[in-house]
Amino acid sequence: MSMNRIAALIALAVLSSVPASGLQEQEEDPYQRSLAELSAGRIEQAVEILEQAPEAGSSLQSQALLGALYLETDRPEAALRVLQPLCDAAEADPGVLYNGGRAAMRLGKAELAERYLRQSLQLAPGSPSARELGLLMGAQGNYQEAFALLVPWARQDPQDIEVRLAAAVSALILQRVPTAEELLSDLPQDQPRVRQLWGRLLLVK
């Protein structure tokens, strides 16, 4: 996991944690201890602390963080096992739904992934759930919705090559030639996938 992803996880966790006045009282709390390990880049130690926490005393925050860490350390089955009850709760958190959707996608559970990602996006418009849902829609052949979700995301984050290529595919299928050209124009032209899409673009034109 990159340090940027670690920082993002910490930021999400801190936003929903106890107020600053209560942090000292919870120094021994597994959630706070795991955050300390995570901030130091010790991912496996953070996971171990959360795994060893007594189930009866495990907070929703701890479970959500453990699920996210399972996902980031390539354990989608474990992630979904932890996150699914949280996602199915009456008032599910959009971040938890996002990670639950990602875990379901990794396991090929497309219907479940779509449900969680749509719920997350409804609660938090413009969240990264738009990216994942767009990729899922493209994989399912729903190019109209994939285009609507992925093109804004590609423009917002031009370094996300996976999204730009997926958005370009949708643009070509929908014959949105100017958008396809925009998405492909400054990508490395020696990459086979980019060259293939340029060829399709020329055929469409």
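Figure 1. The structure shown here and in the following views is a predicted model. S170 belongs to helix 11, which covers residues 161–173. Apart from neighbours within four places in sequence, the residues in contact with S170 are Y143, A146 and F147. A search of the whole structure for aromatic pairs gives 0.

**Figure 2. The loop between helix 11 and helix 12, with Q175.** Q175 sits in the loop that joins helix 11 to helix 12, the latter spanning residues 177–184. Q175 is exposed because its relative accessible area is 59%, and the class begins over 50%. The phi angle of Q175 is positive, at about 60°, although the residue is not a glycine. Most residues other than glycine have a negative phi.

**Figure 3. D74 in the loop between helix 5 and helix 6.** D74 is placed in the loop between helix 5 and helix 6. Its relative accessible area is 57%, so D74 is exposed. Phi of D74 is near 65°, a positive value in a residue other than glycine. The side chain of D74 makes a polar contact with the side chain of R106, at 2.5 Å.

Figure 4. R106 is part of helix 7, residues 94–106. With a relative accessibility of 42%, R106 counts as partly exposed, because that class lies between the 20% and 50% limits. Not counting residues up to four places away in sequence, R106 touches L71, D74 and P76. For D74, the contact includes a polar one between the two side chains, at 2.5 Å. For L71, which is 35 residues from R106 along the chain, the C-alpha separation is 9.1 Å. P76 is among the buried residues of helix 6.

**Figure 5. Helix 6 and its packing partners.** Helix 6 runs over residues 76–87, and its buried residues are P76, A78, A79, L80, V82, L83, L86 and C87. An α-helix has 3.6 residues a turn, so residues three or four places apart point the same way. The buried residues of helix 6 pack against helix 5 (60–72), helix 7 and helix 8 (110–123). R81 is also found in helix 6, but R81 counts as exposed because its relative accessibility is 59%. The C-alpha atoms of R81 and G100 are 9.2 Å apart in space, and the two residues are 19 apart in sequence.

**Figure 6. Y70 and the largest nonpolar core.** The largest nonpolar core has 58 residues, and the members that touch the most others are L65, L69, Y70 and L197. In soluble globular proteins, nonpolar side chains tend to be buried together. Leaving out residues up to four places away in sequence, Y70 touches V47, E51, R75, P76, A78, A79 and V82. Of these contacts, P76, A78, A79 and V82 are buried residues of helix 6.

**Figure 7. A36 in helix 3.** A36 lies in helix 3, which extends over residues 30–39. Its relative accessibility is 42%, so A36 counts as partly exposed. A36 and A46 are 10 residues apart in sequence, with their C-alpha atoms 7.9 Å apart in space.

**Figure 8. The chain as a whole, for orientation.** The secondary structure comprises 13 helices and 0 strands. The chain has 205 residues, and 44% of them are buried. Contacts between residues at least 6 apart in sequence include 46% that join residues at least 24 apart. The accessible surface of the chain is about 11100 Å², with 52% belonging to carbon and sulfur atoms.

Key. Residues numbered from 1 in each chain as written. Predicted model: local features only at pLDDT ≥ 70, side-chain atom pairs only at ≥ 80, totals over all residues. Heavy atoms only, no water. Helix = DSSP H or I, 4+ residues; strand = E, 2+ residues; numbered from the N terminus. Buried < 20%, exposed > 50% of the residue type's maximum accessible area, 1.4 Å probe, protein only. Contact = heavy atoms within 4.5 Å. Areas by Shrake-Rupley, 256 points an atom, 1.4 Å probe, with all protein chains shown as cover. Polar contact = N/O pair within 3.5 Å; in protein donor to acceptor, adjacent residues only side chain to side chain. Core = buried A, V, L, I, M, F, W, Y, C linked by side-chain atoms within 4.5 Å. Phe/Tyr/Trp six-rings, centres within 6.5 Å; stacked < 30°, edge-to-face > 60°.
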